[in-house]
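This report is a guided reading for someone meeting the structure for the first time.

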Amino acid sequence: MRLEKSFNHAKYEQVIYEKSEKHIVATSQFAAHSHSGDPSSPQEGRADATDGRCFTITLPPPNITGCLHIGHAFTSTIQDIMLRFQRQNGRIVFGQPGIDHAGIATQIIVEKKLANEGISRKEIGREVFLKEVWKWKEESGCQIFNQLRKLGMSVDWSTSRFTLDPEANAAVLEAFVRLYRDGLIYRAQRIVNWDPILKTAISDLEVMNKEEKGKLWHIKYRIVADPDKSANPEEYIVVATTRPETLFGDTAVCVHPQDQRYSHLIGKLAVVPLVNRRVPIVADEACDPQKGTGVLKVTPACSFEDFEIGQRHNLEIVEIMNEDATLNANVPEQFRGLSREAARVEAVNALSSGGLVEKIEDIVHSVPYNDRSGCLMEPRVTYQWFLDAEKLAGPAIDVVEEGKIKFIPDQWKNTYFNWMRNIQPWCLSRQIWWGHQIPIWYAPDGEFFCATTEEEAAELARQHFGRDVPLKRDEDVLDTWFSSGLWPFLTQYWPDDTEMLRVRYPNDMLVTGFDIIFFWVARMVMLGVYFMKDVPFREVYIHPLIRDEKGQKMSKSKGNVIDPLVLMEKYGTDATRFTLASLAIPGRDIRMSEELVENSRNFITKIWNAAVFLEMNGCMLSKSQKECDKARLLGLNALILHELREFMKATKGHYDNHRFDLVTQNIIKFLREVFCDVYIEGLKVCLAGAHAAESREVASFVFGEFLKVSNPVIPFVTEYLWEALAEKCERGGVEFVGEFEGTDMLLISKWAAIKEPATEDEEGWKQADLCIKLTDEIRSVRGLLNVSPAAKLKLMLKTYVDEKAADFATKKETLVRFINNNANWICALGKLSCIDVDGEQQNVLGLRIIVEGWVFYLESPPNINKDDIVSIISRKKEALLRDCELLQKKTENLAYKEARFEQWSVDHENLTLKQQEIEKINAISSELT
């Protein structure tokens with residue numbers, strides 16, 4: 001049975017993955033264990049930690065609510081490439097999988113589910129609600145794991161962790177208690193981002209600002225020159241605001257201290273319209289004289305900027321909003337209970353009726369929304385739990401400055417530094433139920449106790465009061481990013497001093513996008529250095545974000561979302577992975593399209609076709625294959641072994657340097673331009689000659705090593721061909737049956753250590769390389785003159801550019817001998833009838849070809865005279881010059897280079913190639929004239 005026409009990814013990918021998964025589990029460094037088991041005990045038959053530190057990547061835990069999107073696929077592909085590459089290099093590898101409980105996102109889903117059933121969480125209470133969430137988790141959560149399996153993630157899924165499993169929860173509470181007792185966690189009344197729908201504080205990093213059309217109202221605030229007198233109706237200061245409904249909470253009016261327009265008013269009082277509250281006019285540099293009227297209404301309870309101004313000037317905080325963003329009892333009665341939007345309309349109407357609106361401007365401004373709920377955010381002053389992030393930031397900055405953590409590309413460390421050096425207190429508490437409940441217990445008098453368990457808290461209370469008192473636990477839960485920040489060591493059963501923790505911490509590498517440097521990377525560094533006294537990882541590989549082919553952000557509303565699951569179904573996982581790897585270039589944004597995946601599928605088909613040719617010609621792989629050790633090789637075979645050696649060296653360097661885009665470029669170039677276009681074309685002749693056995697052995701070895709090198713990026717097709725062609729060799733059939741032992745898989749195959757060539761082989765590949773360059777030039781000339789591939793032309797060796805060189809005779813003798821011994825494949829590649837190494841120039845129309853100093857003449861194509869040649873190349877030259885002129889203008893445009901560097905690089909390369917074609921035309925023309 002022969003190989004099929006093409007790889008059936010739908011039929012074989014799952015079979016191959018299940019086989020590799022069994023092998024990964026069987027050789028995993030530590031056993032999967034129950035929650036009651038000993039996490040430090042290696043399972044019998046598995047690699048012990050004493051073998052040395054393993055290569056570890058902690059996978060970013062996707063949300064339990066998540067479905068594989070293109071960003072997940074991009075990150076996971078890069079992670080898996082590194083795991084597979086390190087595994088092939090003989091290292092024990094470990095990729096830590098897991099799932100994040102995604103507090104807010106999960107609660108939203110379950111609340112909506114219950115609402116559809118006519119149930120609210122407050123009706124059923126916390127305990128019953130959490131049972132419903134766990135039930136949903138078991139039935140519908142973690143679906144992304146199966147999708148990551150489809151992507152080919154080569155990890156031991158039995159080691160997966162969940163941020164809310166019992167050990168993880170205990171570790172999170174332990175971390176909170178330690179930080180609290182060290183004085184780094186505290187409770188304070190501060191302004192936070194508030195979601196009126198979810199009724200919880202939200203991290204400022206989770207706020208999504210949208211540009212929207214709005215209005216800027218210019219409102220008159222009357223001036224009180226003398227506190228003992230009434231306001232002067234003729235004297236006023238104009239405040240510009242986008243939120244007139246918040247003026248009920250104004251406690252000051254602010255101007256810049258250097259603004260001469262208002263300096264005479266500083267220290268006086270202004271009257272807040274509609275509530276007639278007298279407030280001071282203060283001076284603060286936070287007020288921008290160029291913005292609006294240069295005057296701010298200061299509402300400390302409704303604005304982050306105003307809150308800070310209020311703190312500096314000791315202003316009163318007047319809270320005017322309820323939890324749901326309706327107005328409360330601190331506003332005039334007619335506005336109470338109104339929504340923000342309705343209150344705005346009523347407030348503007350009342351102000352206009354009183355002649356207090358000077359003018360209204362149409363503007364475009366940034367409006368904050370919760371990325372999860374889609375709700376318009378509302379700044380709100382509440383009591384929350386905070387982490388003093390500034391104290392943790394210092395050591396976390398130091399480890400990057402000292403090079404203990406390396407960012408790749410390096411420039412991303414500047415983004416890290418910028419945020420860390422301006423870090424704000426981290427609001428840890430969330431007013432939801434799904435998550436790690438804060439380990440704080442309150443006594444009836446408000447005194448509270450921090451402990452990991454209620455029993456411990458009761459003992460602390462007993463010591464404080466001298467008696468037992470009833471305690472009530474804080475109902476808030478911790479920000480999901482807190483547990484995520486502990487992920488590199490929490491997953492290894494910290495705070496226990498386990499063997500797996502010692503072996504796997506620090507991680508070797510973290511792979512993520514630049515958009516969560518603040519969310520996750522910085523927090524892992526702060527908490528890792530604090531608790532573990534060491535960095536959580538040695539390298540942080542930051543990949544760009546994927547946009548659509550037009551450079552736009554993907555969104556469902558735009559209809560431009562690229563679903564990796566659809567791509568894998570349509571084109572296969574290998575094509576999807578190969579495309580993503582090819583896009584892993586240093587930068588901020590990359591463009592993705594289905595066409596790119598189709599191109600990758602077509603290239604993988606090229607690999608398959610090469611395998612079909614080898615199989616048809618008896619070039620079979622062997623599990624124990626080794627390099628051909630024949631003393632003197634045919635030039636073509638010596639050349640392909642040299643090219644393989646260079647390919648493997650360069651590609652290993654790109655893997656090591658995390659340049660996966662260059663890895664894919666190398667794979668394409670070697671397979672297409674070297675193995676197929678040169679070697680296989682020459683092999684077609686060699687397999688019918690005296691060197692057939694040698695050529696089969698070399699071809700099999702080279703293709704097998706190519707499959708190994710390509711396997712980390714293209715795991716399924718390469719694994720299939722590796723087994724199928726070896727099955728053919730050993731069993732007499734080519735059907736993939738999945739019966740090889742795990743040790744036979746490419747998954748853990750070692751790259752061959754290719755020996756340096758013997759002297760005669762080195763001379764052979766160098767001569768072969770010269771002849772390949774010669775055939776390339778011949779092909780170029782034939783293409784230039786539109787010569788039919790069927791036309792066999794004669795080639796004559798004329799002379800050497802430097803015939804007076806002392807070693808000329810020796811060089812010519814060596815070249816002539818090589819050409820005579822290898823004429824069959826050279827003629828096959830160049831479409832030549834013969835090569836005359838002693839010929840004289842006869843009837844040749846100036847088609848001179850020079851390669852490495854040797855001068856050859858190509859026989860005149862049949863039925864083409866000198867005038868025909870001149871006419872053909874003149875037309876081609878004119879077209880090339882036009883193309884070059886356009887490309888020159890594009891590549892000289894610096895703005896185009898910065899905005900679309902990838903396309904600029906393609907254009908620049910095309911310009912170079914076209915300029916080289918013009919040079920060839922000029923050389924031919926000079927011979928003809």
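Predicted model: local features only at pLDDT ≥ 70, side-chain atom pairs only at ≥ 80, totals over all residues.

In β11, Cys254 has Val282 as its bridge partner. The two strands concerned, β9 (residues 252-255) and β11 (residues 277-283), pair in the parallel sense over 3 bridges. Strand β11 is also joined to β10 (residues 269-272), here by 4 bridges and with the strands running antiparallel, and in this pairing Val271 stands opposite Arg278 of β11. Between β10 and β11 there are 4 residues, so that the two strands form a hairpin, and Leu274 in its turn has a positive phi of about 75°.

Strands β5 (residues 185-195) and β14 (residues 378-387) run antiparallel and are joined by 10 bridges, with Ala188 opposite Gln384 in β14.

| Strand pair | Sense | Bridges |
|---|---|---|
| β9 and β11 | parallel | 3 bridges |
| β10 and β11 | antiparallel | 4 bridges |
| β5 and β14 | antiparallel | 10 bridges |

Which residues touch the most other members of the largest nonpolar core? In this core of 158 residues they are Met592, Phe675, Phe703, Leu721 and Trp825. Helix α20 (residues 660-686) gives the most to this core, with 13 residues. Leaving aside residues up to four places away in sequence, Trp825 touches Leu634, Gly635, Leu636, Gly682, Val685, Cys686, Ala768, Cys771, Ile772 and Phe818. Apart from this core lies another, of 60 residues, with Leu428, Tyr442, Leu478 and Tyr505 among them.

On the side of α17 the contact is made by Asp574, Ala575, Thr576, Phe578 and Thr579, while α18 contributes Leu596, Val597, Ser600, Arg601, Phe603 and Ile604. Sorted by class, the contact of α17 with α18 has 6 nonpolar, 3 polar and 2 charged residues.

Conventions
Residues numbered from 1 in each chain as written. Heavy atoms only, no water. Pairing = 2+ DSSP bridges. Core = buried A, V, L, I, M, F, W, Y, C linked by side-chain atoms within 4.5 Å. Buried < 20%, exposed > 50% of the residue type's maximum accessible area, 1.4 Å probe, protein only. Contact = heavy atoms within 4.5 Å. Nonpolar A, V, L, I, M, F, W, Y, C, P; charged D, E, K, R; others polar.
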